[in-house]
Amino acid sequence: MSWRRNLLVPLAALALALTASAGAGAASAGAGGEAASAASGAPAPSAAGDFGAPGPYATAVEVGVVTTLYYPRDIADSDRRHPVIVWGNGTNGIPLVYRELLLHWASQGFIVAAANTPQSNLGISMRAGIDMLTRRNADPDSIFLGHVDLEHIGASGHSQGGAAAIVVGADPRIDTVLPIQPGPLADIGAVHVPALLLAGQKDSIVLPVLVKAFYNAADHIPALYGELRGADHFIVVGDPGPFAAPTTAWFRAQLMGDPTARAQFFGPGCGICTDTATWSDVRRNPLALNVAALTP
């Protein structure tokens, strides 16, 4: 089954008012939204560790030529700086295909810079998203002025975009990578930050063994492998379903220092390690096993 056929069907279903303030987190911004933010330097609030639930921030979308931004709607009035996630699409995909996942991250307090390109493997447009946010963060006329946490940036993407996240992981500005069912055209040996590599047990396009190959080659960094039980290659398209919670938890742990999220991945009783209903295979390399879990 071709990429084009598989991606255009959900694309048509997701053709909504792209620039509206909407999606994950929009309804939850009332009680305890931005005004309830923790003190500077603390993680943005989460739904009591339910990382699959919408976060406290209403969201907005800005469509540009190179980059589409998903971000907390009231960011101009925020009392904090918000970490960044750069995103790469699967082959022939655009950010709209992954809209619900990207809005979910924005509702949790992240600024998501999604590359508009349908051919993301080189990571050029993903890096351009960082450059653009760097400029916007310093622009007195921008709503992002002083609110972009450029010290905490993660890279993620799906399929070809997952490979692009690995490519971009060699950029010194990146603090972690989270490739989702990544294609094979990348060298994880150039990555020097922690990695969570996600596969689908029933993926017939990017077989789990290909994702495991990245994991096995990542012996120089803390690396984790998670294989979602019963998942095919398009589980993340449209409603991200079971991928929403672990991806959010990973970025909250790595980019916000959230101790509850960190416990999902590190320590002897890590959350994904014991959740056999969700995961068909979880692996942590020796460097990841040596990372201590912080208790809430």
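## An exposed alanine

At 57% relative accessibility, Ala 138 counts as exposed, because exposed means over 50% relative accessible area. Ala 138 sits in the loop between H3 and E5. Helices (H or I, at least four residues) and strands (E, at least two) are DSSP runs, numbered from the N terminus. Ala 138 and Val 148 are 10 residues apart in sequence, and their C-alpha atoms are 9.3 Å apart in space.

## About the model

This is a predicted model, where local features need pLDDT of at least 70 and side-chain atom pairs count only at pLDDT 80 or more, while totals for chains, interfaces and linings use all residues. Residues are numbered from 1 along each chain as its sequence is written, and side-chain values use heavy atoms, leaving out hydrogens and water.

## Two nonpolar cores

A nonpolar core is a set of buried Ala, Val, Leu, Ile, Met, Phe, Trp, Tyr and Cys residues joined through side-chain atoms within 4.5 Å. The largest one here has 40 residues, and Trp 87 and Trp 105 have the most contacts inside it. H6 gives the largest share of this core, 6 residues.

Contact means heavy atoms within 4.5 Å.

Helix H4 (residues 160-168) is largely enclosed by the rest of the structure, because 8 of its 9 residues are buried. Those buried residues pack against E3, helix H3 (124-137), strand E5 (148-158), E6, E7 and helix H5 (208-217).

H6 is mostly covered too, with 12 of its 13 residues buried. The expected span of a helix is 1.5 Å times one less than its number of residues, so H6 should span 18 Å; its end C-alpha atoms are 17 Å apart, which agrees. Just after H6, Gly 257 takes a positive phi of about 70°.

## A buried arginine

Arg 80 lies in the loop between strand E2 (67-72) and E3. Arg 80 is buried yet has no salt bridge, meaning a side-chain nitrogen of Lys or Arg within 4 Å of a carboxyl oxygen of Asp or Glu. The nearest side chain of opposite charge, Asp 79, is 4.2 Å away.

Conventions:
Buried < 20%, exposed > 50% of the residue type's maximum accessible area, 1.4 Å probe, protein only. Lys, Arg positive; Asp, Glu negative; His and termini not counted.
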